[in-house]
Amino acid sequence: MEIKRTITIKNEEDTKEFGLWLGQNARAGQVLALIGDLGTGKTTLAKYIAEGLGITDYIVSPTFTIIREYEGGRLPLYHFDVYRIGDPDELFNIGAHDYFYGQGLCVVEWADLVEEELPEDTMYVFIEYGNEEGERIYKCTF
Amino acid sequence: MKNNKFLTMAFESSCDETAIAILADGREVLSNVISSQIDIFKNYGGVVPEIAARHHLENINEVVDEALKKADVTMEDIDLIAVTEGPGLVGALLIGVATAKAVAFACDKPIIGVHHIMGHVAANYIEFPQLEPPFTALIASGGHTNIAEVKNYTEVEIIGGTRDDAIGEAYDKVARVLGLGYPGGPKIDKIAKEGNPDAIHFKRVFLEKDSMDFSFSGLKTAVLNHLNIAKQKGEEINRADVAASFQQAVMDVVTEKAVQAAKEMGHGKLVLAGGVASNSALRAILKKKCDEEQIKLYVPSPILCTDNGAMIGCAGYYKYKEGQRSGLDMDAHANMPLSKAK
């Protein structure tokens, strides 16, 4: 997978700026994969993507429910956390493909666990810890 | 009807339990069968939706038979079918909803859909026959963390909720990084008893003044940072101390807000609901704070704290008595605000 841009995120303000930009430029049927360890800020980034879409609800963790849906923005947001999915085939059984090829933006946390089930044009953001406290490195395939 | 009592058969399959119960007159449990699948999920570090759905489907007929047998009634005796319609894992919910609708249609019984949270609240009506609304409720489970005002048997107003992780999610994630396994709640509660809750000070997040909302994501990150720093320094990690300190930080905030809400509402009653109500630290700290404020605390027994059919039957019974009905076009809803519960 080719990394086309690498962004150094110094703080939450930077996360916000990038998330808003992603949300404002998202199109229907897009799948955005967020890959990074626990605590790297995947849900925080998702929160700002939602804000960029114009969604005003609180973006709460989808860990327990696997999928959470948000209406009320420019596009619907389908927020996934697939950490607890044991086998990529299970995504099919919970109807994930209806979302992936639907009319909203899908943001998928822990997407590396189900990579083979994601659409070919999925956009990836790999999130890594930076050298400084609070610093993150975003490696993007777009 | 049997022995002149109104019988409700209730289905609950919102997550990892296939549960069916039969109640007499809404509050008396004749049978409460739970086919727990926790053992299956231990290998996966969480509930696996597809497996959940598949096992619900495999189990559900057997659980129906068992519930009827234990209650010593037949389908002819049943007056009402109640079922959890959301929120939860949609594949799992669908099995319960489809089965309940099939039974209602085949046996020509009325059916009522129930919001999962309303069920958790209603568990207390079963445990405490004298309990009546209004009261303040703290609902804490794998996917929910809410403070609510229970105005009457069918109306609940949420006044606070989590803005990121539910308590159960925070526990599961911290248990994951501590290598304790799933589900995180009981594992952390157990190991925390051997640890010092003051060993590490994790910041308590109260949010804005007077807010009844919660945020646990920062606490999870604080635990992660603590572990990473210790690892970098080559220090040994005392998992019991970390667990105890994390638990204390969660409970300080949760109990403070719940008791504050109970004081402000002035009903003099605080009711615990949901799986996290089984947490020993939560029970102990709340008991102390409620005693100080002369608030009566209600805590249901563990069997009624976990997802079960009886609580759904009780909540459904009161909706039915109020004249509410659902149709056979009822659907399962993964996300379902409480405002739609009526």
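How far apart do the C-alpha centres of domain 1 and domain 2 of chain B lie? The answer is 27 Å, with the domain bounds coming from an automatic or database domain assignment. That assignment makes domain 1 of chain B from 7–122 + 305–340, and domain 2 from 133–299. This is a predicted model, in which local features need pLDDT of at least 70 and side-chain atom pairs count only at pLDDT 80 or more, while totals for chains, interfaces and linings use all residues. Residues are numbered from 1 along each chain as its sequence is written, and chains are lettered from A, ligands numbered from 1, in the order in which they are written.

Where the two domains of chain B meet, domain 1 puts in 15 residues and domain 2 puts in 21 (contact: C-beta atoms, placed from the backbone, within 7 Å). On the domain 1 side, helices H4 (116–127) and H11 (309–321) of chain B each supply at least two residues (helices being DSSP runs of H or I, at least four residues, and strands runs of E, at least two, numbered from the N terminus). H4(B) gives the largest share, four residues.

Over in chain A, seven strands form an open sheet with mixed pairing, in the order E1-E7-E6-E2-E5-E4-E3; strands pair if DSSP finds at least two bridges between them. Strands E1 (5–9) and E3 (67–70) of chain A have a single partner strand each, so one side of each is left without a neighbour in the sheet. Strands E2 (residues 31–35) and E5 (residues 105–109) of chain A run parallel, joined by four bridges; Leu34(A) has Glu109(A) as its bridge partner in E5(A).
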